Amino acid sequence: MIRYSLHRALSLILSLLVASVVIFTVIEVIPGDTAAFMLGVNARPDTIAALRAELGLDQGGFARYLTWVTGMLQGDFGQSYTYRTPVAELIADRIWVSLPLALYALFLAVVIAFPAGLYAASRRGRLGDISVMGATQIGVAIPNFWFAMLMVLVFAIHLRWVSAGGFPGWDQGLGAGIKALTLPAISLALPQAAILTRVLRSSLLDMLGEDFMRTARAKGLSRRQSLWRHALRNALIPVLTIIGLQFAFLIAGGIVIEQVFFLPGLGRLIFQAISARDLIVVESVVMLLVFLIIVVNFIIDIAYAAIDPRLRARA
Amino acid sequence: MSLLAVDNLSLQINDTDILHDVSFAVQPREIVALTGESGSGKSITALSVMGLLPQGTVVSGQVQFDGQSLLDLPEPAFCRLRGNDIAMVFQEPMTALNPVQTIGAQVAEAIRIHQRITRRAAWTHAAKTLDRVGLPNAQFPLNTYPHQLSGGQRQRVVIAIAIAMRPKLLIADEPTTALDVTTQATVLALLKDLVADFDMGLLIITHDLAVVRQFADQIVVMQKGQVVEAGPTEVVFDQMRHPYTRSLFAASQHQVDLPAPPKPAPLLSVKDVTRIYKRPAQTLFGKATAFTAVQDVSFELHKGERVGLVGESGCGKSTLTRAILGLDATQSGEITLGGLPVFSGNAPQHSVQRKMQVVFQDPYGSFNPRHKVARLIAEPLYLSDNPPQGAVRAELIAQTLQDVGLTPEDAEKYIHEFSGGQRQRIAIARALISEPELIIFDEAVSALDVSVRAQILDLLADLCRKRPLAYLFISHDLSVVRSVTDRVLVMQAGKIMEQGQTETVFQDPKHPYTKALLDAAPRLDSPV
């Protein structure tokens with residue numbers, strides 16, 4: 001197990017290194033000079049040159065890459081060209097919206113999907129199964145921004161239970177923060193829950209045909225007990241894979257929902273930074289997202305091994 | 001009163017008749033064998049006793065267990081019975097255990113379902129049960145996972161789960177079919193011991209008449225969902241009243257009329273071949289270890305000769321086969337076919353590979369289900385430089401299908417339209433079509449029923465009479481190897497222990513391992 005974890009950790013570090021090189025290179029090859037863009041079309045060449053020197057843009061690519069990476073390792077993401085504040089501060093403000101939102105949505109998706117998937121699998125082909133499958137079909141099909149607007153109409157405008165958007169900040173209390181994130185989290189979670197339910201159900205049904213399930217029944221376990229005790233853990237591997245992918249989507253893909261609910265999240269930050277050609281912000285936020293996603297995948301890998309002893313033996 | 005009495009049991013699944021008026025009984029301390037070919041309804045009979053029938057099953061008749069009628073027993077009551085009074089052991093030990101739970105947990109669970117005892121007490125009981133089936137705690141701790149055990153050891157765990165509550169009736173569905181002969185012998189001995197120890201009744205399902213003869217007190221022969229003959233084993237074997245029993249017996253003992261081999265002319269030469277696998281290290285800073293699967297193996301196979309390769313699972317048979325086929329590089333030694341190396345310069349030599357073909361155990365798994373038979377069997381032709389086209393190709397396909405006992409019309413069908421025996425014929429046709437000099441049969445008849453197996457073996461004898469074919473016949477089934485080969489190699493732990501003329505080796509084995517193998521194999525002619 002330790003050997004396996006070390007293996008995964010090593011691969012995590014390598015992935016991060018490769019990702020940083022790729023991100024830096026891609027941003028470098030995008031045409032357009034940041035300094036020229038910031039100063040506008042009428043700027044004099046020597047002003048542009050001065051700004052380039054100030055921003056460190058006149059150095060070679062490799063030197064700038066090193067500065068960028070070593071800075072990040074120390075928590076220094078550089079200065080935003082447009083906001084003129086440290087990128088680290090910009091990110092810190094927003095990640096406390098985006099990360100809790102993604103985790104909240106993932107939590108909701110899991111809490112909905114597990115009972116629904118187990119229920120559907122245990123009632124395979126019967127009315128309960130068909131209803132759950134029908135509901136997930138709808139859940140997958142509905143665009144989440146449309147569903148978000150629908151919820152705003154009902155819960156914010158009609159019932160006035162929550163506000164239609166914005167985020168008060170965590171200093172207003174945990175309850176207020178959670179309340180503000182609830183509608184966005186539900187809109188993000190619903191399609192994910194539908195997908196997860198379907199994956200869990202089909203994975204469980206695959207397990208029902210396995211020989212060890214017959215052994216479990218021959219021991220005297222009821223259908224439901226054998227599903228819980230023997231099928232579930234074996235069925236978790238594909239489910240975990242999907243959860244990993246979903247987290248990636250939720251952390252990076254919440255941008256539309258952030259727009260609908262006026263949430264100051266990472267999605268909006270990166271969107272604004274791209275429009276303003278604030279490349280250092282783009283670079284750093286993308287790197288941060290990659291970091292989060294790779295770390296989550298690392299955790300998923302470790303979870304695989306915790307579930308399946310056969311994986312621990314390999315490595 | 002019988003322990004188990006099945007009376008006129010009839011059963012339909014989705015309006016198809018599966019069982020028809022099946023009747024038999026099992027007494028305490030009695031071993032009853034349910035035998036017959038696949039599809040005869042043996043397993044479904046067992047599942048009706050266990051109450052584990054698939055949905056949509058309509059049952060009539062009576063199943064009485066210990067004075068209790070089982071067919072109308074409500075599910076919760078059946079759950080209390082299963083694993084407690086009636087237990088079952090299944091065919092596939094490799095997949096019958098939950099891969100993510102320890103063996104201790106799986107045995108202890110069987111106890112805690114039926115008995116209100118503490119976790120600790122259940123684990124103590126589990127340890128005792130595992131010890132009883134030959135898995136002592138010191139060697140096989142309770143936290144062992146199934147993948148750390150061999151097939152025979154896993155089957156012992158499955159048996160431990162079944163007997164943990166000392167059931168009155170144990171049902172064993174082909175419990176040793178997937179095991180090696182020596183392992184089979186020890187598992188059967190264990191079951192026999194347990195029957196005497198626990199005063200259990202044992203209903204064993206097997207297609208292997210030799211096992212039945214050595215092992216069972218009573219025999220029930222089934223065909224197409226009906227009992228055709230039943231009685232004490234010796235009486236049934238002596239009298240064989242029903243023609244089906246006689247044909248089963250004849251097929252099991254089937255002797256192939258093999259043509260005499262031509263004069264020795266070298267074809268395949270295996271010289272000092274060694275194949276080593278790397279194993280990942282088991283500890284944090286441990287070194288990767290090496291596993292020698294095949295060690296210094298040398299043998300010759302002549303043109304038109306039939307050679308058998310026997311040995312238990314893990315002895316290196318498959319590794320050697322892969323090396324001969326040129327699928328893997330070897331660490332040392334040389335393999336040549338017709339004087340040319342099958343593997344040289346880090347790549348298999350297609351011109352040499354073309355002259356050999358292979359037939360595997362599971363024909364269904366080795367065919368693409370979306371292709372028609374014509375395309376499936378013509379596949380090896382693409383190995384040649386200018387494959388035949390059009391009418392020549394069609395004629396070749398038709399001829400090959402006829403050679404293996406099928407019709408030219410079968411070329412337009414899909415693989416799912418054929419029975420197991422026919423699929424194996426198609427696999428043989430695929431091997432034949434490129435006119436190879438050597439065909440390797442890798443457990444090619446192991447999954448077939450005895451009567452179908454006899455037909456396929458006859459076909460093989462017939463083919464080598466008509467064509468200049470050499471066979472390398474790999475099998476764990478000694479009786480098959482005995483009937484279809486001229487010479488035999490006995491392999492153990494990567495080495496060839498003994499080789500010689502088949503009859504000589506079988507009648508007068510020299511190496512102790514060969515002797516052990518032959519002793520362990522159940523025999524049809526003489527009961528113990």
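Domain bounds, as used here, come from an automatic or database domain assignment. With those bounds, chain B has domain 1 (1-76 + 199-252) and domain 2 (266-520), and the C-alpha centres of the two lie 36 Å apart.

This is a predicted model, in which local features need pLDDT of at least 70, side-chain atom pairs count only at pLDDT 80 or more, and totals for chains, interfaces and linings use all residues. Residues are numbered from 1 along each chain as its sequence is written, chains are lettered from A in the order in which they are written, and side-chain values use heavy atoms, with hydrogens and water left out.

The pLDDT, the predictor's confidence in each residue from 0 to 100, averages 88 in chain B, and 98% of the residues score at least 70. The model has an ipTM of 0.80 and a pTM of 0.82.

**Two interfaces**

A salt bridge is a side-chain nitrogen of Lys or Arg within 4 Å of a carboxyl oxygen of Asp or Glu. A polar contact is a pair of N or O atoms within 3.5 Å; within protein, one must be able to donate a hydrogen and the other to accept it, and residues adjacent in sequence count only if both atoms are side-chain atoms.

| Domain 1 of chain B and domain 2 of chain B | about 530 Å² | zero | two |

**Between the domains**

Of the area buried between domain 1 and domain 2 of chain B, 46% is on carbon and sulfur atoms. Glu37(B), His207(B) and Ala251(B) supply 69% of what domain 1 of chain B buries against domain 2 of chain B, more than any other three residues.

**Between the chains**

Contact (heavy atoms within 4.5 Å) involves 30 residues from chain B and 24 residues from chain A. One salt bridge joins the side chains of Glu75(B) and Arg217(A), at 3.3 Å from N to O.

Helices (H or I, at least four residues) and strands (E, at least two) are DSSP runs, numbered from the N terminus. Helix H2 (75-81), strand E6 (86-89) and helix H3 (103-114) of chain B each supply at least two residues to the side that touches chain A. H3(B) gives the most, with five residues.

Methods. Buried area = accessible area lost by both parts, 1.4 Å probe.
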